[in-house]
Amino acid sequence: MIQAIFKNLGGIQNYGIISLCLFCSVFLGVLLWAFLQKKSHLDYMAQVALDQESEQPRNRKHSHE
Amino acid sequence: MSSDAMALPGATPQERGRGTAASIETFRYDNHVVRAFAIATAIWGLVGTAAGLLIACQLFWPQLNLDTPFATFGRIRPLHTNAVIFAFVGNGMFCGIYYSLQRLCKARMFSDLLSWFNFWGWQAIIVSAAVTLPLGLTTSKEYAELEWPIDIAIAVVWVAFTVNLLGTIVKRREKHMYVAIWFYIATAVTVALLHIVNSLEVPASAFKSYSVYAGVQDALVQWWYGHNAVAFFLTTPYLGMMYYFLPKAANRPVFSYRLSIIHFWGLIFIYIWAGPHHLLYTALPDWAQSLGMVFSIMLVAPSWGGMINGLLTLRGAWDKVRQDPMLKFMVVAVTAYGMATLEGPMLAIKSVNALSHYTDWTIAHVHTGALGWNGFLTFSMLYWLFPRLYNTKLWSIKLANYHFWIGLLGMMFYVVPMYTSGITQGLMWKQFNKDGFLQYPNFLETTIRLIPMYELRAIGGLLYITGIILMLVNLYQTAKAGEFIGDQEAQAASLKTLSHRESVNLGHRWLEGVPVTFTVLAAVAVLIGGLIEIIPMFLIKENVPTIASVKPYSPLEVLGRDIYIREGCVGCHSQMIRPFRSETERYGEYSKGGEFVYDHPFLWGSKRTGPDLHRVGGKYPDAWHFNHLENPRSTSPGSIMPNYPWLLSQKLDSGVIGDRMRALRKVGVPYTDEEIQNAPKSIQAQSKKVVVNLSIGSITNAPADREIIAVIAYLQRLGTDIKGRATSAPTNALAAAQLRN
């Protein structure tokens, strides 16, 4: 059935417009979503990568220079 | 590490102070597999770029092809691209993911067994590529050249990696998934999808298969894959690594986490649509070309958002960049990402693409990304990682600085000559004299002009490789001086202890806590573009108008085409004449979609180091092809094409024709039982005709059972189906308009 629908699908010329509308709505949605986030949460998340103490080299030896 | 709940690394600021010592779990990060991938990426980086240097030299010194099949440009070029993409970047990606994912999830990898299966499986795939590609076992589809048994192995290993990735995320101790993890999820899901869809093929033997798609459809699927291999193999995992390693190196948080949300969703949603920009002005329907172009231009926005986010993370820390070679590499990597992602959309504009396509401009573009973005980011990560894995300091900062400057110089020596070469060649192809004829009708004139640029490019490659060797020495000495920490102990509160405090939130905060939902949404985002472009291309007939005179290849031509694929001829010769006067004057009638309906796979190519061959059929006598293949300089003085003497000596394996025709029938070529049964007779009859033609051209006693006979038969067939007949109507109005101009 799906194949039949696609086979009879016309209006290829509208694909560009449909795609553009789809893109704009998704992009604007994501934009809105991002700006509605709480600042405290975003600040916390930004720190996540830094939130590990154990990765600094311990007992640093002198470098070659 | 302190067991004080106040210092719990997994707790939010609000949560800190509420936990108890009983909620803390002790575990160990697996550094063994990280080290294995780190060593692999460093070594394969050297091997892949060395293969690149070899083929770069072959382009101005054809004798380096050594007159042997295993060393020719056509077979080594895919070895170079596969080694750099899947061996160097692939191992670099796994290294970065396995290291950062464990820390971001505060958990050891889900399964050590899967980690090592991923590592050894991936190395086995690389080694099998290194063996099969020089043997000429190839599908010819760019960056997807490996034959079907290896394709299956790739799928299995990739699934193991994905399970390990998602399993680790599920058992994490950090409630929210940091932005780097989103990029890793998108990578895992999308690469699996791209690989499986593009690799659908019907085997004809253990190492020979035919793509289930043909012509226009194969081209669309291939470049949907090819472009998104760049997106989701070379870009998204490295963006995740940028979001992890850059803040760590600069010791400051990412500039804008909000921007990273927009960067991620914008990028993965748009990238998948942009594939058709590799097929502008080809026989691909115009609507698909336009979609590819428009979405490519939109891609600048999220890409630059990410680049700016990366560079601004260094605000207030630029003094560190002066001192820390790791940050120097990172800054150049992010800048190269910005340059490549601005240039890419520019090249996707049809009028720019008309000049740039098939030239070295594309080579310059991809190497800005490969050498700058992937290469420098990998080096940066390795310089950061090795001292930490070995609990010591980098052996020589001075040597790392030398590597940086030599590598940067090498990159400049690579890309500047290639830009010059690309624009020079594009302009020469299109130049008409005052009488309205092509200024440079002999294609070879345009190739010879580029040789000084090719020589300079090789110097660039040599410098870049020298830098890698310095890095290997530095990393080896660092490892030697330190003590490897294989299982790094860490502590964190369990997720159960923390999760009950999460309030209901339908924003991104909620999504970051539900990895399965996140994965599904990311998959939907990348699927939309692919489905909208691919499904109509297959199901709406008007996209590929059929041409009654186009018939399947004869058995001898099938074998000749397979040899053409085996030798990698598509690496230098396109089979797609664009509807420009400069091309129709040079090559003949422009190519139409309906001419490729039996082409499994399509062989349109993406680079013209030599001329287009779509209408070469009947252009030269058989004897010319014979002499040209034996020694191209005998017919075309100054040619940089390799000699193919083995085609004259190797016996044609006509015993395989039955299996091949049956496989082709399975993918839609309408061979009858009778045709398949009579194929050996047909081969003999057509071979005899070629031999007679050769004798007319003074090549007497040419044996009829050699491979060169099949190649000549195939070349003489190319583009002839519509010659001497009324050609079909232009496939689109634009093509017609171009011709009128």
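**Exercise 1.** Determine whether Phe376(B) and Phe404(B) are buried or exposed in this predicted model.

Solution. Buried requires a relative accessible area under 20%. Phe376(B) has 0% relative accessibility and therefore counts as buried. Phe404(B), at 5%, is likewise buried.

**Exercise 2.** Classify the ring pair formed by Phe183(B) and Phe264(B), then the pair formed by Phe376(B) and Phe404(B).

Solution. Applied over all chains, the pairing rule gives 56 aromatic pairs. For Phe183(B) and Phe264(B), the centres are 5.1 Å apart and the planes stand at 90 degrees, an edge-to-face arrangement. This pair connects distant parts of the chain, 81 residues apart: Phe183(B) belongs to helix α5 (residues 179-198) of chain B and Phe264(B) to helix α7 (residues 257-271) of chain B. Both Phe183(B) and Phe264(B) are buried. For Phe376(B) and Phe404(B), the centre distance is 6.0 Å and the angle between planes is 55 degrees, so the pair is tilted. Here the link runs between helix α13 (residues 360-389) of chain B, which holds Phe376(B), and helix α14 (residues 397-430) of chain B, which holds Phe404(B), 28 residues apart.

**Exercise 3.** Identify in which sense strand β1 (residues 24-30) of chain B and β4(B) pair, and which residue stands opposite Arg28(B).

Solution. The two strands, β1(B) and β4(B), pair in the antiparallel sense over seven bridges. Within β4(B), Glu489(B) stands opposite Arg28(B). Strand β4(B) spans residues 487-493 and is mostly covered, with five of its seven residues buried.

Notes. Residues numbered from 1 in each chain as written. Chains lettered and ligands numbered in written order. Predicted model: local features only at pLDDT ≥ 70, side-chain atom pairs only at ≥ 80, totals over all residues. Heavy atoms only, no water. Buried < 20%, exposed > 50% of the residue type's maximum accessible area, 1.4 Å probe, protein only. Helix = DSSP H or I, 4+ residues; strand = E, 2+ residues; numbered from the N terminus. Pairing = 2+ DSSP bridges. Phe/Tyr/Trp six-rings, centres within 6.5 Å; stacked < 30°, edge-to-face > 60°.
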